[in-house]
Amino acid sequence: MARAPRPRSPWRRRLSLAIKLLLVLAVLAIGALVTAVYVTRAQLPSYDELKSSPNGQMIRVHAADGTVIVSMGPSYGEWLSGDRIPKVMREATVAVEDRRFYSHLGVDPIGVARSVKVRLDRGRWVQGGSTITQQLARNVFLNNQKKFGRKFREWILALAMERKFSKDEILELYLNKVYYGGGAYGIDAASRKFFGHGADHLSLAEAAIIAGLVKAPSNYSPTADASAAVGRASVVLRSMEDAGMISAGEAQAADPKTVALAPEPKQNSVRYFTDWALPQLELLIDETEKPLEVWTTLDLNMQRDADAAIRQNAPNGAQGALVALDRDGAVRAMVGGKDYVASIYNRATQAERQPGSAFKLFVYLAALEAGKTPESTEVDEPVTIDGWSPRNDSRRNSGQVTLRTAFAYSLNTIAAKLGQQVGFATVADMARRFGITTTVNTHPSMVLGTSDVRLIDMTRAFASVANQGVAVTPYGIVKVTTNGDTIYQHEVDRSRVLVAPQVAAQMIDLLQTTVNTGTGRAAQIGRPVAGKTGTTSSSKDGWFLGFSSGLTTGVWMGRDDARPIAGLHGGTAPARAFHDFMIRAVAKRPIEQFETQVTLPEAQLEPDAESYYGSPDNGMFVDPDGNPAPGGVPGYPDYANPPPANDRPARDRPQVDEDGNPPPQERLDQDWIDRVTGRDPRRDQRRPSAPAQNPPANRSTTTTYSGEPPRPYQ
């Protein structure tokens, strides 16, 4: 009798069912994978489309004449077809990045397994196991996030690309699109950046250096860390030798240490301007992918002259900055320091320093708006305001003087009285109204310039005065285009009035006096100029700001650590830099006469020759508390006991002839004024003038306006 079959163990039945289920799931997974790969393959761009698509946003910055001054973002060299790519470059890349490139299907299981093993051994991801195809898929379509979802999409893309393109096409795309550091995409851009020639002439050692960059472009850059680049290139050469691509002798002969690197291009002062202007793109446009052409206001000739003026005039150990604004606010030149390579800190737009007497612009604007005129009189006498007693640098008082005289010779007592009369808060409001963006204090000493300001803000304020009181806003970007389409166009706003035109005209009257007969004489350029000097305590800062022929220029000089600089005053080095720049910058512009004639200050002060011929603007030496420093020779610690004349810098010594006599003093009359301002009285007599609109009493000036009245200041 046959024995009944033994019933199957429930565990065996379950195991068999599980295996069958896994087989079904595997078949479904493979089917899904194949479907995903071929769907992705159908959606991939063509080979020609991939060749033309850029990686990242390119930005080219143009000067006002169209010259490209800076290229930002990625740079691309010539696209090299497979037959033009040197064999050593192809082999070096395959040896170090993906030795089984020609045998796998886009994903290398051995490489993945090795990566997982290293992850388990070290507790962190060290090797990604990515093939060349995967890296290409990631660079073109994905990002570098280390997440499984991104990695899975990368596998699908790599498998799909292997189905659509040949190995040679994939390698060609990779070598022309991968990032090699320093903004260079592709082997040709990298070769030109690091070696100064195209990639079709790469040597074995050069190819090894470039191939070694892919792993960590910033760490192995030959310009950033030459020893690291050489070490990495040696690894590439050993990998090529192990793979049988080169012999031991060839590897030894290709010494990366002997490779000559191309010199780094020199950065110039143009970068101060582009560093200021380009961040504004985020506020002006929304485009973040398409290549941009940025057209700016920068005048390259003016920029070169500005750079030279600062370098040649800034005292040893001191820095200098310059901003030049056209009448509509266009920044024509910007220098933020003597050497951009040594210091990228932009002192024209970032540094906050005390302006000294240059701040009196706002004091007198407030007084003029309150009804004062240049002929209004005040008494120069000792004054105390809330316990503060300002003194004139001359240590004497001159009695009743006009505002023109007080402004020309920077009398501190008069500035203090005006500030008290109109209100120190009113002066602070006037400064903010004219574009001062830093904090302005309202202590009485604020009239002497004790609040920190920026050069670009002060230049903007003077430009607004020159613009008949209509606000001038600095701008550097004229338009932005992408693929030939204009996506941004700057429009100048001429509607915001800061002060009445009559007030601006009276202020220009005062500013002319400073340049023609006061402390700013060194700024004369043979045509009408209006401006103001500024010097702070112990000659820590020197300023000159002025305008002529529609161009307003501000100059600052000083040390970054705010230490004193012997002989630095607003009327010396800064005024000379202004002169050297402006005399060339406006040379081709027509001479423009101001609407108010130059009028000499009162003669009762009888200022000495040094006052007429460029003496320092000592009236704005103030200590940290806003109190004027004692008189004497500026630029020396002991003001009460100045050194003998022969111990002073040559520029500060009294000028004498061979017999020890001072030079004859020029006669300060209308002929002299006409000569230094470039005015032709005969031409002025022939030119008709418009009747004055509400001229102040005791004035012989004429002010003309035209056009619709702009919107009042709010």
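Author: Let us begin with the elements. Helices (H or I, at least four residues) and strands (E, at least two) are DSSP runs, numbered from the N terminus. The chain here holds 24 helices and 15 strands. The model is predicted: local features need pLDDT of at least 70, side-chain atom pairs count only at pLDDT 80 or more, and totals for chains, interfaces and linings use all residues. Residues are numbered from 1 along each chain as its sequence is written, and side-chain values use heavy atoms, with hydrogens and water left out.

Reader: What percentage of the residues in the chain is buried?
Author: Buried means under 20% relative accessible area, exposed over 50%, and partly exposed in between, with a 1.4 Å probe and protein chains only. Of the 714 residues in this chain, 52% are buried.

Reader: Which residues of α12 are buried?
Author: They are Val 270, Arg 271, Tyr 272, Phe 273, Thr 274, Trp 276 and Ala 277.

Reader: How is a sheet described?
Author: One lists which strands pair; two strands pair if DSSP finds at least two bridges between them. In this model, an open sheet of 5 strands runs in the order β2-β1-β6-β11-β12, with mixed pairing. Its edge strands, β2 (68-72) and β12 (485-489), each pair on one side only. Strand β1 (residues 59-62) pairs with β2 in the antiparallel sense over 4 bridges. Val 61 has Val 70 of β2 as its bridge partner.

Reader: Which strands does α12 lie across?
Author: A contact means heavy atoms within 4.5 Å. Axes are lines fitted to C-alpha atoms, for helices over the stretch in contact, and angles run from 0 to 180 degrees between N-to-C directions. Helix α12 lies across β1, β2, β6 (292-296) and β11 (477-482), and runs at about 55° to β2.

Reader: At what angle do α3 and α7 pack?
Author: Angles under 35 degrees count as roughly parallel, over 145 as roughly antiparallel, 65 to 115 as roughly perpendicular and the rest as oblique. Helix α3 (residues 87-97) and helix α7 (residues 167-177) pack at about 90°, with their axes 11 Å apart. The two helices, α3 and α7, are therefore roughly perpendicular to each other. Arg 90, Thr 93, Val 94 and Glu 97 of α3 make the contact with Leu 171, Tyr 174 and Leu 175 of α7.
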